Number of protein chains: 4
Amino acid sequence: MPRVVDHEARRRELAEAAWRAIVKYGLDGTTTRLIAKESGYSNGVLAHYFESKDEILLEALRISHDGIDKRIRAAVEDKIGLDALRTFCIEVLPVAEQPVRETHLEMSMWSRALVNDELRSVQRSESSRWRRLMERLIIDAQRSGELAEMPPRTIAVLLSAVIDGLSIYALLYPDRFGKAELIEFLDDFFDTVKAGGVEPVTKTLAASADGARPRTGSRRRK
Amino acid sequence: MPRVVDHEARRRELAEAAWRAIVKYGLDGTTTRLIAKESGYSNGVLAHYFESKDEILLEALRISHDGIDKRIRAAVEDKIGLDALRTFCIEVLPVAEQPVRETHLEMSMWSRALVNDELRSVQRSESSRWRRLMERLIIDAQRSGELAEMPPRTIAVLLSAVIDGLSIYALLYPDRFGKAELIEFLDDFFDTVKAGGVEPVTKTLAASADGARPRTGSRRRK
Amino acid sequence: MPRVVDHEARRRELAEAAWRAIVKYGLDGTTTRLIAKESGYSNGVLAHYFESKDEILLEALRISHDGIDKRIRAAVEDKIGLDALRTFCIEVLPVAEQPVRETHLEMSMWSRALVNDELRSVQRSESSRWRRLMERLIIDAQRSGELAEMPPRTIAVLLSAVIDGLSIYALLYPDRFGKAELIEFLDDFFDTVKAGGVEPVTKTLAASADGARPRTGSRRRK
Amino acid sequence: MPRVVDHEARRRELAEAAWRAIVKYGLDGTTTRLIAKESGYSNGVLAHYFESKDEILLEALRISHDGIDKRIRAAVEDKIGLDALRTFCIEVLPVAEQPVRETHLEMSMWSRALVNDELRSVQRSESSRWRRLMERLIIDAQRSGELAEMPPRTIAVLLSAVIDGLSIYALLYPDRFGKAELIEFLDDFFDTVKAGGVEPVTKTLAASADGARPRTGSRRRK
DNA sequence: CATGAATGAGTGTTCATTCAT
DNA sequence: TATGAATGAACACTCATTCAT
């Protein structure tokens with residue numbers, strides 16, 4: 001009887017060690033030996049589970065994507081309309097430890113994706129997947145009159161771009177873009193695409209329409 | 001008299017070769033030998049002008065930033081209000097060869113900046129500089145009633161984020177985010193932060209105020 | 001009672017797998033994993049039957065030698081004189097699949113034998129064994145007047161050398177040294193050592209100068 | 001002014017170090033680090049002069065072949081007939097230090113050549129070259145009546161085979177095949193192909209049955 | 001006995017850096 | 001100053017071997 005090892009679990013274990021190493025030391029600083037060390041196994045073990053270093057990194061990316069996916073779907077499940085959309089975004093923004101790690105991994109890969117076709121196509125397919133989910137939520141929010149009547153794809157692209165942009169700032173300049181600020185900026189963006197727009201004039205009615213939501217567009221700064 | 005060599009010019013020449021190499025082969029594929037080859041000099045020459053490879057890369061980044069700066073200022077100079085702001089954005093978006101190269105370089109550096117303090121601080125200072133310029137233009141546009149009365153910093157951050165996000169998409173998925181689409185999405189964003197908001201139907205008068213602007217909210221979708 | 005496994009049979013099975021691997025992938029390309037795969041067993045099984053990889057290779061060589069031995073003896077059994085000698089040679093020359101495999105294995109080992117005492121001594125003992133058998137057959141052929149009266153060892157060494165040389169050519173340059181050519185060249189060699197020699201007619205006197213002694217001390221000049 | 005190095009000379013120096021390493025430690029034991037050490041340089045130098053280890057080994061082989069070629073031609077230059085042919089053979093046989101090293105290298109390569117097309121083709125072309133030279137010398141010797149009238153190619157192939165076979169024995173079993181023995185066996189072979197053959201006197205009729213043609217097509221094959 | 005996971009030294013190769021010319 | 005040869009540590013990957021199951 002052979003030593004019993006769950007091959008898939010071990011693969012995952014190693015890929016997660018790779019992910020940790022990337023977050024700690026950067027993608028360039030992540031050598032196969034370091035991945036092995038991080039995993040607690042010897043360097044030779046990698047060969048049993050992966051064809052190459054690139055394959056490990058891709059697997060780490062897949063695991064990250066799967067995790068994001070599951071978390072998003074669970075978070076959004078019992079929500080509807082703009083609330084669901086906002087929840088989606090907050091799950092993706094690097095405001096908690098896990099999405100910070102996910103964003104770190106993703107950004108690390110962008111540099112390589114620029115010159116690596118396979119990597120780029122993996123990122124593209126995930127990117128599309130999320131934008132589709134986003135569009136569905138946007139359409140819902142529009143139906144309930146919570147979002148302006150722009151084309152859903154337009155809102156989805158802008159929202160994605162805002163999220164990606166903010167994510168970069170959060171990771172590169174964490175002192176300037178903290179958890180609270182990120183969410184505020186997200187909400188600022190939502191304000192601009194809400195039905196009724198940003199523009200109050202007298203602000204009273206529009207603001208009161210916010211209802212449950214804790215914040216108003218004018219809340220911040222004089 | 002010793003041979004006169006313009007030290008700064010040579011430095012720049014080498015750093016630009018590094019930049020070209022990064023765009024061609026990726027940051028990982030950019031070895032010092034490749035930089036030397038790209039520059040037309042021998043590999044040994046690098047040591048005369050730079051302490052290390054990292055310094056070359058930093059210099060390339062500085063040169064890129066300087067170029068962006070000059071181009072932006074020249075483009076914006078004789079414009080005012082929203083027009084100036086929009087021009088600024090279009091100069092930065094990767095819609096022409098030069099900004100594509102700049103974005104490529106910038107993205108390549110992000111991965112390293114995550115774990116490299118010096119690199120990160122260089123990027124941070126440039127990032128701040130542009131946001132300040134942006135804020136000035138935003139304030140101008142608000143004064144002329146072209147932009148909604150959100151806090152300028154808020155608009156600046158969101159606009160920056162949109163631009164960075166769209167830039168990423170343009171470089172990673174050029175087939176889906178071509179030159180025209182980028183500008184359309186930029187304008188879509190402007191629509192959301194314009195005085196009067198995105199809202200049509202009952203907003204006919206406000207919309208008609210758009211007047212001079214070449215595009216309408218309904219322009220897309222066949 | 002413990003499970004009964006024919007230890008020797010399994011050893012042989014594994015060594016033959018090694019042999020096949022060597023012929024397919026070369027000695028350098030033959031890893032222990034490849035041997036295991038070729039055998040149909042797991043890589044770990046090798047340790048139960050061999051102390052080391054070297055031992056497997058030695059066993060493969062022994063098996064090859066044993067096979068050659070048996071085949072030769074069977075082929076020669078009911079033959080006599082030059083016919084027996086020629087049969088011996090043809091069994092050894094790489095003209096059929098099996099001797100090709102044997103020659104391949106042998107040649108693969110030469111490189112290592114040059115710096116590996118144990119391997120060399122295995123090859124030496126086999127080499128001697130065959131030369132002794134050859135000498136016996138040569139003496140027979142001489143007795144029946146089919147071979148010239150050179151010292152049997154001389155003929156044996158030359159014949160061995162011719163066979164080994166031709167074998168190399170056959171394996172390295174199979175398009176130039178096909179099955180038929182090999183045997184022709186062998187027979188050409190036999191012609192030269194046959195009683196009567198290659199030589200005709202008018203050379204009687206010159207030949208007679210050679211005298212009764214099969215070879216003269218003056219033949220070689222210093 | 002750059003450091004002046006004769007690139008070709010350094011290449012040769014390194015290839016010769018590789019050759020020495022192969023003779024000392026075997027082809028398998030010859031790592032690039034060992035080659036570097038043997039050369040007296042650091043391991044990194046190899047990359048300046050060779051694309052890969054294989055290229056170093058091929059260069060070593062080429063150098064060996066060139067050396068053999070020059071030595072042979074010089075030795076044969078002022079000789080004629082059988083004397084020239086014999087000189088040729090003695091230059092090639094591993095009876096002096098240099099041909100021993102050449103033979104060692106050659107044998108080491110055989111194993112790889114079996115599964116390496118490029119290596120095999122290099123060996124083949126050299127092999128052919130020498131056989132052609134050999135044939136020319138054989139024809140000369142036949143014209144002067146010193147060699148039997150067999151087809152020159154036949155003699156060349158047999159002689160080559162004898163030399164290669166003897167060379168193997170000399171390297172693998174140096175105690176049994178010393179310098180003197182090798183030359184004796186070579187001369188024994190020459191005896192068999194000399195005009196007049198090995199055989200005297202009483203065999204005239206049998207010999208004459210062979211007819212004018214040195215060998216008959218029907219002699220072989222039953 | 002058989003398995004295959006695990007090991008870790010070793011491989012060929014790369015590359016930023018140094019430095020004699 | 002410019003060259004390119006030289007360095008040696010580091011890299012991803014390989015593989016004979018060990019060993020728990």
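Student: In α7(B), which residues are buried?

Tutor: This is a predicted model, and burial here requires 20 or more other C-beta atoms within 10 Å of a residue's own. In α7(B), the residues that are buried are L119(B), Q123(B), M134(B), L137(B), I138(B), A141(B) and Q142(B).

Student: What covers the buried residues of α7(B)?

Tutor: Part of the cover comes from chain B itself, including α4 (53-76), α5 (81-92), α6 and α8. Chain A also contributes to covering these residues, and the element it supplies is α8 of chain A.

Student: How far does α7(B) reach from its first C-alpha to its last?

Tutor: The helix α7(B) has 27 residues. At 1.5 Å a residue, 39 Å is expected, and the value found is close to that. From first C-alpha to last, α7(B) reaches 38 Å.

Student: Which residue with a positive phi follows α7(B)?

Tutor: The phi in question is near 75°. In chain A, a positive phi of about 75° is taken just after α7(A) by G145(A). The residue that follows α7(B) is G145(B).

Student: Which element of chain B covers the buried residues of α7(A)?

Tutor: The buried residues of α7(A) include L119(A), Q123(A) and M134(A). Their cover includes α4 (53-76), α5 (81-92), α6 (97-113) and α8 (152-172) of chain A. From chain B, the covering element is α8.

Student: Which element gives the largest share of the side of chain B that touches chain A?

Tutor: In this contact, 46 residues of chain B meet 46 residues of chain A. Elements giving two or more residues to the chain B side are α6 (97-113), α7 (117-143), α8 (152-172) and α9 (179-193) of chain B. The largest share is 12 residues, and it comes from α8(B).

Student: What relation do chain B and chain A have?

Tutor: Chain B superposes on chain A by a rotation of 179° with 0.0 Å of shift along its axis, at an RMSD of 0.2 Å. The same surface serves both copies, as 96% of the contact residues of chain B recur in chain A. The relation is that of a two-fold axis.

Student: Which residues of the largest nonpolar core touch the most other members?

Tutor: This core has 117 residues. The residues touching the most other members are A18(C), V162(C), L166(C), A18(D), V162(D) and L166(D).

Notes: Residues are numbered from 1 along each chain as its sequence is written. Chains are lettered from A and ligands numbered from 1 in the order in which they are written. This is a predicted model: local features need pLDDT of at least 70, side-chain atom pairs count only at pLDDT 80 or more; totals for chains, interfaces and linings use all residues. A nonpolar core is a set of buried Ala, Val, Leu, Ile, Met, Phe, Trp, Tyr and Cys residues joined through C-beta atoms within 7 Å. A residue is buried if 20 or more other C-beta atoms lie within 10 Å of its own, exposed if 12 or fewer, and partly exposed in between; C-beta atoms are placed from the backbone. Two residues are in contact if their C-beta atoms, placed from the backbone, lie within 7 Å. Helices (H or I, at least four residues) and strands (E, at least two) are DSSP runs, numbered from the N terminus. Copies are superposed by least squares on the C-alpha atoms of residues with pLDDT of at least 70 in both. The expected span of a helix is 1.5 Å times one less than its number of residues.
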